[in-house]
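Let's take a walk through this structure together. Keep the picture open beside you and look for each part as it comes up.

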Amino acid sequence: METSEQLLEFESKIAEGAKIEPKDWMPDRYRSQLIRMMSQHAHSEIVGMLPEGNWITRAPNLRRKMTLLAKVQDEAGHGLYIYSATETLGIERSELIDQLLEGKAKYSSIFNYPTLSWADIGVIGWLVDGAAIVNQTMLAKASYGPYSRAMIRICKEENFHKKQGFEIVTTLAAGTPEQKAMVQDAVNRWWWPSLMMFGPHDAESTNSSELMQWGVKRKSNDSLRQHFVNITVPQARAVDLTIPDPELEYNEETGDWKFGEIDWNEFYQVIKGNGPCNRERIAARRSAHDNGAWVREAARAYADKQLTRQTTS
Ligand code: 3HC
């Protein structure tokens, strides 16, 4: 049971901007919120490897192939990094994985869309990783120490992901008419799902108020989304690509790009499991998990043998 002194000390740390560390006392709700948010973030990184991995064998040249390979491997590392940070909250990674495979945990909606052309790889790096950078730069200031430190490391790699993506986009946009059409088609398909990555409007965000009260989120879903739009629209215009939103309009006073309404029905359908690729993604994760069982068993057997050797020596 929490005591008022413990709660007072916790809240004053949050107010001072100090980090909460694994061994510190924390409210159960703070712990469960972090487990929810961090594990879903880790699931997103791992599932996010699938749409891009689909194009590694079909990259147009060796340089593009090596860059995509490096990016997909980075995402695996981000997932493992954030699973490790989540485990510091006292939950086993195997339990988190089971939650994903049993459909009890979410991962980002964005990864339930198909990658239909090579241009998608560029647009994902530019828009999806670009959106992740906006979000994760904020999370690098999160009150929970292990999470914020993980974000600092991950953001450095995300910047490489965005740059390599935007280089692909720039190349195609300046290429043949067919290449230009291919990258514009990718922008048309990925723009709105990228805006959905920031979550529902603040008024519909069931978790934001607690997360902001505890300094896990420093900015709201809508403010991060607006910042992403403000930095991305000029990038699209710089390479003569059109953002698929007829309501897009620059507001001189606020400096914001006003944009149209997101299709929230699509958003909730996708997070309910009815997106274009949800079943395929979870099936791929289940198959990888089953095929990897022997690795886990061998590692466990080795660890047990080492332990026995230590305790009997
Ligand atoms: N996809 C799936 N579920 C989403 C979602 C999305 N884009 N946006 C919101 N949701 C879910 C939330 O998880 C919550 O459901 P839950 O309570 O059952 O978990 C519900 O919708 C209501 O949303 P809230 O705004 O109340 O939820 P949060 O306060 O947690 O905000 C979030 C959602 C902005 C995604 C926040 O959780 C967050 O910042 N998470 C950490 C970052 C993250 O997970 N990013 C995912 C992408 S990772 C990535 O892009 C990898 C890169 O390498 C490409």
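Before we start, here's one idea you'll need: a polar contact is a pair of N or O atoms within 3.5 Å. Keep in mind, too, that what you're looking at is a predicted model.

With that cut-off in hand, go to the ligand and find Gln-40. A polar atom in the side chain of Gln-40 sits 3.1 Å from one of the ligand's oxygen atoms, so this pair falls within the 3.5 Å limit. Next, look for Lys-217: an N or O atom of its side chain is 2.8 Å from an oxygen atom of the ligand. How much of the ligand's area does the protein bury? On its own, the ligand exposes 1,000 Å², and the protein buries 90% of that.

The ligand is surrounded by 33 residues. Glu-75, Lys-106, Ser-109, Ser-205 and Lys-217 are the closest of them.

Let's move on to some helices. Helix H8 covers residues 177–196 and helix H10 covers residues 221–238; their axes come within 10 Å and cross at roughly 150°. That's why H8 and H10 count as roughly antiparallel to each other. Which residues meet here? From H8 you'll find Trp-191, Ser-194, Leu-195 and Met-196, and they meet Arg-225, Phe-228, Val-229, Thr-232 and Val-233 of H10. Sorted by class, this contact has six nonpolar residues, two polar ones and one charged one.

There's another helix pair to check out. Helix H5 (residues 93–101) packs with helix H12 (residues 278–291) at an angle of about 140°, and their axes are 10 Å apart. Why isn't this pair called antiparallel? That label needs an angle over 145 degrees, so H5 and H12 are oblique to each other. On the H5 side, Ile-97, Leu-100 and Leu-101 meet Ile-282, Arg-285, Arg-286 and His-289 of H12. By class, that gives four nonpolar, one polar and two charged residues.

Methods: Residues numbered from 1 in each chain as written. Predicted model: local features only at pLDDT ≥ 70, side-chain atom pairs only at ≥ 80, totals over all residues. Heavy atoms only, no water. Axes fitted to C-alpha atoms, helices over the stretch in contact; angles between N-to-C directions. Helix = DSSP H or I, 4+ residues; strand = E, 2+ residues; numbered from the N terminus. Parallel < 35°, antiparallel > 145°, perpendicular 65-115°, else oblique. Contact = heavy atoms within 4.5 Å. Nonpolar A, V, L, I, M, F, W, Y, C, P; charged D, E, K, R; others polar. Near = heavy atom within 4 Å. Polar contact = N/O pair within 3.5 Å; in protein donor to acceptor, adjacent residues only side chain to side chain. Areas by Shrake-Rupley, 256 points an atom, 1.4 Å probe, with all protein chains shown as cover.
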